[in-house]
Amino acid sequence: MIAMKIKNIIYIYILLSFLFAQNPLKLATVSYISGSCYVENSIQSRALVPLVGNSIFNYDIISSSEGSFCDILFDDDATKIHIDENTKIKLLSDKYSRVFEILYGSVFVSNAKTHTKTYIKTLNNDIYVNNNNIWVDTFNSFDKIVAINYNANIYNYVSKSQILLKPLTAYNVFSDGLV
């Protein structure tokens, strides 16, 4: 009798673990859309044309077409991302960090000071965003970056170096780390 109860408890535990492991992590909500945007997630086999109020999940890829843009507001109310026209990004989040990987195009990220580290990732650079507003437009050979409130801390993959950009100035950070 006791062995049967233990067996049932283990069975329920395994079943619940499997169900919760398959549950996606909701990160944010679509707060504004103009034109045509698209959300896809190959892990969840999900693809949709989002509406204001739709949930955004970990590993979502969000794209906007020509003349279109959308805003995403994160559930902690500390981060908002504006996705410009002709842009494609991927959202990645864990317990300690939040990453906006720009596949192509441009974004504007507003971030309040939080314990979660926030980054904008491009082909050649990691841009740290903490208590700052930063706009990034990425190209194959360089990234155009403007920090609004404070200095922007950049890590360049090719030169393996840190770059500090002053606010309110547009910089071209080339793939080799030259500014």
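Is Phe69 buried, partly exposed or exposed? Phe69 is partly exposed, with a relative accessible area of 25%, and the points below place this residue and others in the predicted model.

1. Confidence. The model is predicted, and its mean pLDDT is 89, with 87% of the residues reaching 70 or more. Over residues 18-23, however, the pLDDT is below 50, and beyond near neighbours in sequence this stretch has zero contacts in the model. Where pLDDT is low, the predicted coordinates should not be read in detail.

2. Overall make-up. The chain is built with one helix and 16 strands, and of its 179 residues 37% are buried. Among the contacts with a separation of 6 or more, 40% are accounted for by residues 24 or more positions apart. The accessible surface comes to about 10300 Å², and carbon and sulfur atoms hold 60% of that area.

3. In soluble globular proteins, nonpolar side chains tend to be buried together. In this chain the largest nonpolar core has 31 residues, and those with the most contacts inside it are Ile62, Ile72, Ile81, Ile120 and Ile134. Strand S9, which spans residues 97-111, supplies the largest share of this core, namely four residues. For Ile120, once neighbours within four places in sequence are left aside, the contacts include Phe100, Ile102, Val107 and Val109, together with Asn125, Asp126, Ile127, Val129, Ile134 and Val136.

4. Aromatic pairs. The structure holds six aromatic pairs, and one of them joins Tyr32 and Phe69 in a stacked arrangement, with 5.7 Å centre to centre and 25° between the planes. Tyr32 lies in strand S1 (residues 26-34) and Phe69 in strand S6 (residues 69-74), so this pair ties together parts of the chain that are 37 residues apart in sequence. Tyr32 counts as partly exposed at 41% relative accessibility, and Phe69 is likewise partly exposed, at 25%. Another pair, Tyr155 with Tyr157, is edge-to-face, with 6.1 Å centre to centre and 75° between the planes; Tyr155 is partly exposed with a relative accessible area of 29%, and Tyr157 is partly exposed at 25%.

5. Side chains of opposite charge can pair when their charged atoms come close. A search of the whole structure finds five salt bridges, including one in which the side chains of Asp75 and Lys26 meet at 2.8 Å, N to O. That pair links distant parts of the chain, since Asp75 is in the loop between S6 and strand S7 (79-83) whereas Lys26 is in strand S1, 49 residues apart. Asp75 counts as partly exposed at 40% relative accessibility, and Lys26 counts as partly exposed at 34%.

6. Which residue forms a salt bridge with Arg46? The partner is Asp60, the closest N and O atoms being 2.4 Å apart. Arg46 lies in strand S3 (residues 46-48) and Asp60 in the loop between strand S4 (55-57) and strand S5 (61-64), so the pair ties together parts that are 14 residues apart in sequence. Both Arg46 and Asp60 are buried. In a further salt bridge, the side chains of Arg98 and Asp76 meet at 3.1 Å, N to O. Because Arg98 lies in strand S9 and Asp76 in the loop between S6 and S7, this pair ties together parts that are 22 residues apart in sequence. Arg98 is buried, with a relative accessible area of 8%, whereas Asp76 counts as partly exposed at 37% relative accessibility.

7. Backbone angles. Most residues other than glycine have a negative phi, and most peptide bonds are trans. Ser45 has a phi near 50°, a positive value in a residue other than glycine; Ser45 is found in the loop between strand S2 (37-41) and S3, and at 69% relative accessibility Ser45 counts as exposed. Leu168 also has a positive phi, near 60°, and is a residue other than glycine. Leu168 has its place in the loop between strand S15 (161-165) and strand S16 (170-174), and Leu168 is exposed, with a relative accessible area of 66%.

Key:
Residues numbered from 1 in each chain as written. Predicted model: local features only at pLDDT ≥ 70, side-chain atom pairs only at ≥ 80, totals over all residues. Heavy atoms only, no water. Helix = DSSP H or I, 4+ residues; strand = E, 2+ residues; numbered from the N terminus. Buried < 20%, exposed > 50% of the residue type's maximum accessible area, 1.4 Å probe, protein only. Contact = heavy atoms within 4.5 Å. Areas by Shrake-Rupley, 256 points an atom, 1.4 Å probe, with all protein chains shown as cover. Phe/Tyr/Trp six-rings, centres within 6.5 Å; stacked < 30°, edge-to-face > 60°. Core = buried A, V, L, I, M, F, W, Y, C linked by side-chain atoms within 4.5 Å. Salt bridge = Lys/Arg side-chain N within 4 Å of Asp/Glu carboxyl O. pLDDT = per-residue confidence, 0-100.
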